[in-house]
Amino acid sequence: MSSIEILGLNAGYGERPVLQDLDLATQPGEFIAVLGPNGSGKTTLLKVLLGLLKPMAGSVLVDGTSPKPRNRVVGYIPQHRGFDRDLPIRGRDLVTLGLNGHKLGLLRASASERALVDRALDQVGALEYAEAPVGMLSGGEQQRLRIAQAILGEPSVLLCDEPLLALDPGRQSEVTRVIDQYRRTHNATVLFVTHEINPVLPYVDRILYFVEGRSVIGTPREVLTRETLSDLYDSPVEVVRVGERVIVLAGDEESHSELDGHHHHDHGEVPSPWI
Ligand code: ADP
């Protein structure tokens, strides 16, 4: 059985769907990178799978059932945003919030819940800093806690919304490794939305590439080619390989700057070419 099964999906916000006629079937244990320029529909797909956006047409099944909010079979890792330095909660508390019914201020977990939280903290390598206030931790440490929170219920599908954003390269590969390890130990499907293909490329089985709501899916070798991407963009695209790295360059300057990714500039990094 497919872990995610989408047939003829149309989804969006106004009259005109953002995602048009999307078909997707994923297998347990697959690592799928979701690529595409800003505004191409990546987050819209995650919203549908999380049950936050109702399809306009088509059918969507996650682990055999229709998407719904608070679905235990789906885990969600958001983009990294730094916590307030003096936020008065510990790493362990943050993870405990992932348990159903726990609200801030109601953090007295039972022994079995504490064991569950400990196991998740252990899986992401966060036990040693679990008692520290979250605001004092590094971006990579905070992101591991978010992963621990997402995997508490042992989801069979893990949705990752640009979890590497604003992390330096060392932390990026650390966080990716933790996500990959969960996938392998739990035979989970990972959908990994990212602007940077290179940190995840060693783990990727297939790439789902969106441009303006249209998409292609296939192995990196199939998708990351000049022919496939020029077709998808409907304009010339170059794919350059530099050692192990893959760089996709759109032909005209306008779309190129769009592809640079809006977030890089915020963190004092040199904008890199698209993926
Ligand atoms: P991505 O995640 O690939 O950057 P999104 O799925 O967020 O793209 O957005 C796809 C399109 O839908 C964009 O044109 C965006 O402006 C539009 N969009 C996203 N969210 C909303 C919303 N809540 N209401 C109206 N339009 C939206």
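R144 counts as buried because its relative accessibility is 14%, where buried means under 20% relative accessible area, exposed over 50%, and partly exposed in between (1.4 Å probe, protein chains only). This is a predicted model, in which local features need pLDDT of at least 70 and side-chain atom pairs count only at pLDDT 80 or more, while totals for chains, interfaces and linings use all residues. Residues are numbered from 1 along each chain as its sequence is written, and side-chain values use heavy atoms, with hydrogens and water left out.

R144 forms a salt bridge (a side-chain nitrogen of Lys or Arg within 4 Å of a carboxyl oxygen of Asp or Glu) with E174, and the closest N and O atoms are 2.5 Å apart. The pair links distant parts of the chain, with R144 in helix 4 (residues 139–151) and E174 in helix 5 (residues 169–186), 30 residues apart. Helices (H or I, at least four residues) and strands (E, at least two) are DSSP runs, numbered from the N terminus. E174 is likewise classed as buried, at 17% relative accessibility.

## Other salt bridges

Side chains of opposite charge can pair when their charged atoms come close. The structure holds 13 salt bridges. In one of them, the side chains of D180 and R183 meet with an N to O distance of 2.7 Å. These two residues are three apart in helix 5, and therefore about one helical turn separates them. D180 is buried, with a relative accessible area of 3%, and R183 is also buried, at 9%.

A salt bridge also joins R214 to E212, where the closest N and O atoms are 3.7 Å apart. Here R214 is partly exposed, its relative accessible area being 34%, and E212 is exposed at 60%.

## Aromatic pairs

Three aromatic pairs are found in a search of the whole structure. Rings of Phe, Tyr and Trp (its six-membered ring) pair if their centres lie within 6.5 Å; planes under 30 degrees apart count as stacked, over 60 as edge-to-face and the rest as tilted. The rings of F31 and Y203 are stacked, because their centres are 6.2 Å apart and their planes lie at 25°. F31 belongs to strand 3 (residues 31–35) and Y203 to the loop between strand 7 (189–193) and strand 8 (206–211), so the pair ties together parts that are 172 residues apart in sequence. Both F31 and Y203 are buried.

Y209 and Y233 form an edge-to-face pair, at 6.0 Å centre to centre with 75° between the planes. This pair links distant parts of the chain: Y209 is in strand 8 and Y233 in helix 7 (residues 226–233), 24 residues apart. Y209 is buried at 0% relative accessibility, as is Y233 at 12%. Ring pairs also link F31, F192 and Y203 into a cluster.

## Ligand surroundings

Several N or O atoms of the protein lie by ligand oxygen atoms. A backbone N or O atom of G41 is 3.0 Å from a ligand oxygen, a side-chain N or O atom of K42 is 2.9 Å from one, and a polar side-chain atom of T44 is 2.5 Å from one. Taken alone, the ligand exposes 560 Å², of which the protein buries 56%; accessible areas come from the Shrake-Rupley method with a 1.4 Å probe.

Definitions and conventions
A polar contact is a pair of N or O atoms within 3.5 Å; within protein, one must be able to donate a hydrogen and the other to accept it, and residues adjacent in sequence count only if both atoms are side-chain atoms.
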